[in-house]
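Reader: Can you walk me through this one? I'd like the layout first, then the details.

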Amino acid sequence: MDDKVTTLNLLKEGNTARVDGLLSVGSMRRRLQDIGLIEGTTVQCLQRSPAGDPVAYLIRGAVIALRAEDASQILVRGECS
Amino acid sequence: MGLTGESTGLRMVQSPKSIQRQPGEKVVALAGNPNVGKSTVFNFLTGLNQHTGNWPGKTVSNAQGKCERDGRTFVLVDLPGTYSLMAHSAEEEVARDFLCFGEPDAAIVVCDATCLERNLNLVLQTQEITSRVVVCVNLIDEAEKKHIRVDVQRLSKLLGAPVVATGARSGKGLEELMRQVERVMEQEPPAASTVQYPREIEQALALLTPAVERAVHGRLPARWLSLKLLEGDESLLRSVDTYLGASLLQTGAVAGAKKEAERTLRAAGIGAERFVDLVTAACVRKAEGISREAVRFERGDPMRRDRMLDKIFTGRVTGLLTMLLLLALVFWLTITGANFLSDWLSQGAGIVEGWLTDFFRWAHAPDWLYGALVQGVYRVMAWVVSVMLPPMAIFFPLFTFLEDLGYLPRVAFNLDRFFKKSGACGKQALTMCMGFGCNAAGVVGCRIIDSRRERLIAMLTNNFVPCNGRFPTLIAILSMFFITASAGVLGSVASALALTGVILLGVVMTLLVSRLLSRTILSGVPSSFTLELPPYRRPQVGKLLVRSVLDRTLFVLGRAVAVAAPAGLVIWLLSNITVGDMSLFAHCTAFLDPFARLFGMDGVILMAFILGFPANEIVLPIIMMGYMASGTLTSYESLDALRVLLVDNGWTWVTAACVMLFSLMHWPCSTTCLTIRKESGSVKWMLLSMVIPTAVGLSLCFLLRSVSLLL
């Protein structure tokens, strides 16, 4: 397992990482937490939309699409498979 | 596109915070994440027809209905779907306020068995407000298919609340659900679970809770309220004060205890933001732990099938392609099926007219009465039924099929990039889809968009997709003027592609106008967004047919007939009352004519659009009536008769194209306008929503006519 910290938008399709922290503020931060994105949550990058953005992620059993600029506010660690 | 009498009427826009209850009636709140089948549970128990569909955020207001059981009456309140009760959005506030201040006797939290972990978060939060909670693990049949096993007994023990597994679509488990609801009403479950927060927060709560407890006298949950006080939730505090009829902070020792609790938190280095982070995380972790113990994934990836479908429906190359193909396929089926049905219906209408004629002869009715009622009103009504009804009756079930399948959120996913570039929200694609059914429903649906700016953009542009009232008009004109040459399969394919083209024009205009708006009066940057792509579900074809034909088609038809009949009479009167040397109708159309001709139309057409304000369905029939003032429609057989009538009145392909353009782009119908005023809160936005599409439509018509003159 690779331990470097990166942001969620850089995660490759099919890869999995663990949330290290949220840089988002305000209502977006709350919304991400409500869908279960907290420190330690495992996130898998499922696939890009036809235009490349947004991207669908698997978060606690649900599929959630996020735009690149929002995903870039989510710090993740590792690209464990 | 919840299109029923209720969903398009003004009832749609109300969301009661409290409800009226008769003595002896028990109130049950129905909470749950978006898209977990809450409305299905509600419908099954109440026998009502709250619209259901497979996409998040569909229930936008509190619906309520009654459920009788063993002589007792329960009032069920369907709360908006929310992920949490932290009141970060309007829906969450409505849901939270009802649970907190609506004094429900019990709450059902509906969960999705295929995605239980995230749903438990809401269960835990609800249990903080009331311990009379019954957990409904819905979609259990879907979970079984995906080899997800939920241990109901274990879950019930861990949560300290009754848990019932249900398959609401077939009604499975709902009887037991209501039994458990009755049970918790009689006796509070003894050991409801509580979320344990980090030590520092628990210490602060221990300081504050007793003071709050004394102040609220058990009328509100003290521990939860203390948590909210420390969180600094101002809006809740105001609601609490109103509810208690006194200021909570000025009661007893609350203010002092709060200060002390805050001091403890500060000493531990927990600021406002960190406090909420910790509270949320504690809840999520507890849900995670419970789910780990009670849910078992028996075989590999339960979502394999969904992922494969997503590869097709949202793939890089295939995503947009399948979207266009599906759209064209739906139109092809609609047009082909409608032709078939129309022939059949018009033959029937011809037979009935024979009977009517015989009857009028037998009764020696005067000629003018026969003319007005049979040749005027009846023929036009028959025409509405045989030409307008079939496309709706076929389009609706097909569209509902895609909606129930879960395809619409994928459209939003595919198109989000384009909407973002226009400064709008990807969820606008969803409200746009709803507009196909009914623009008023589409406008109400805009509530799923959080940012006010983006919501207004979606409302103002919703009318650029043609609603069901305009579809048949577009199809009829297309088949009369553009695809007549080639009959058979080739002809219907061509019609379908042409109609797809018209819709695409509407979508392009939506994007362009959205862009224009977000660069001018509604300027701003696109806000962040999360979009859930729910699991695909197999639609129930039987129910779907009944629902779409009865609820939607007949409702729309009923409205069309109700408006068309008086309109028929008005027009007959206008054409038969003469002032000077011309009829009133002729005066009106003559007045409009020079203006209308600039845009490739004529006075009768423009008059029809104006009179069609209450319902777009009747525009074409009014045009017919207008022309028939000088000659009557000779038969119902196919559209040829109408085509002859139109050509006799000077229609060319340019007229036809301009009418289609203007039908696609003009002011919304009266219901939609009222809805926009209500939803936007101002007449200004309503007027703008009328002016924008009209201006765009007229400009394009003018352009087309001018170019055609040069040819």
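Author: The C-alpha centres of domain 2 of chain B and domain 3 of chain B lie 54 Å apart. This is a predicted model, in which local features need pLDDT of at least 70 and side-chain atom pairs count only at pLDDT 80 or more, while totals for chains, interfaces and linings use all residues. Residues are numbered from 1 along each chain as its sequence is written, and chains are lettered from A and ligands numbered from 1 in the order in which they are written.

Reader: Where do the domains of chain B run?

Author: Domain 1 covers 5–186, domain 2 covers 199–297, and domain 3 is made of 318–524 + 539–710. Those bounds come from an automatic or database domain assignment.

Reader: And chain A, how many helices and strands?

Author: Chain A has two helices and six strands. Helices (H or I, at least four residues) and strands (E, at least two) are DSSP runs, numbered from the N terminus. Along the sequence the pattern reads β-β-α-β-β-β-α-β.

Reader: Why does the radius of gyration of chain A agree with a compact globule?

Author: Because a compact globule with 81 residues would have a radius near 12 Å, and chain A has 11 Å. The radius is taken over C-alpha atoms, and the globule rule is 2.2 Å times the number of residues to the power 0.38. The C-alpha atoms of chain A fill a box of roughly 30 × 30 × 20 Å along the principal axes.

Reader: What percentage of chain A counts as buried?

Author: 49% of its 81 residues. Buried means 20 or more other C-beta atoms within 10 Å of the residue's own, exposed means 12 or fewer, and partly exposed is in between, with C-beta atoms placed from the backbone.

Reader: How many bridges hold strand 5 of chain A to strand 9 of chain B?

Author: Three, in the antiparallel sense, with strand 5 of chain A spanning residues 62–66. A:Leu66 stands opposite B:Thr530 there.

Reader: And strand 3 of chain A, what joins it to strand 4?

Author: Five bridges, between residues 42–48 and residues 55–59, running antiparallel. A:Gln44 has A:Leu58 as its bridge partner, and A:Cys45 stands opposite A:Tyr57. The hairpin has six residues between these strands, and A:Gly52 takes a positive phi near 90° in it. Strand 2 (residues 16–22) of chain A is joined to strand 3 of chain A by three bridges, and A:Ala17 stands opposite A:Val43.

Reader: Last topic: how many residues are in contact between the chains?

Author: 29 residues of chain B are in contact with 27 residues of chain A. Contact means C-beta atoms, placed from the backbone, within 7 Å. On the chain B side, helix 16 of chain B gives the largest share, five residues.

How values were computed. Pairing = 2+ DSSP bridges. Contact = placed C-beta atoms within 7 Å.
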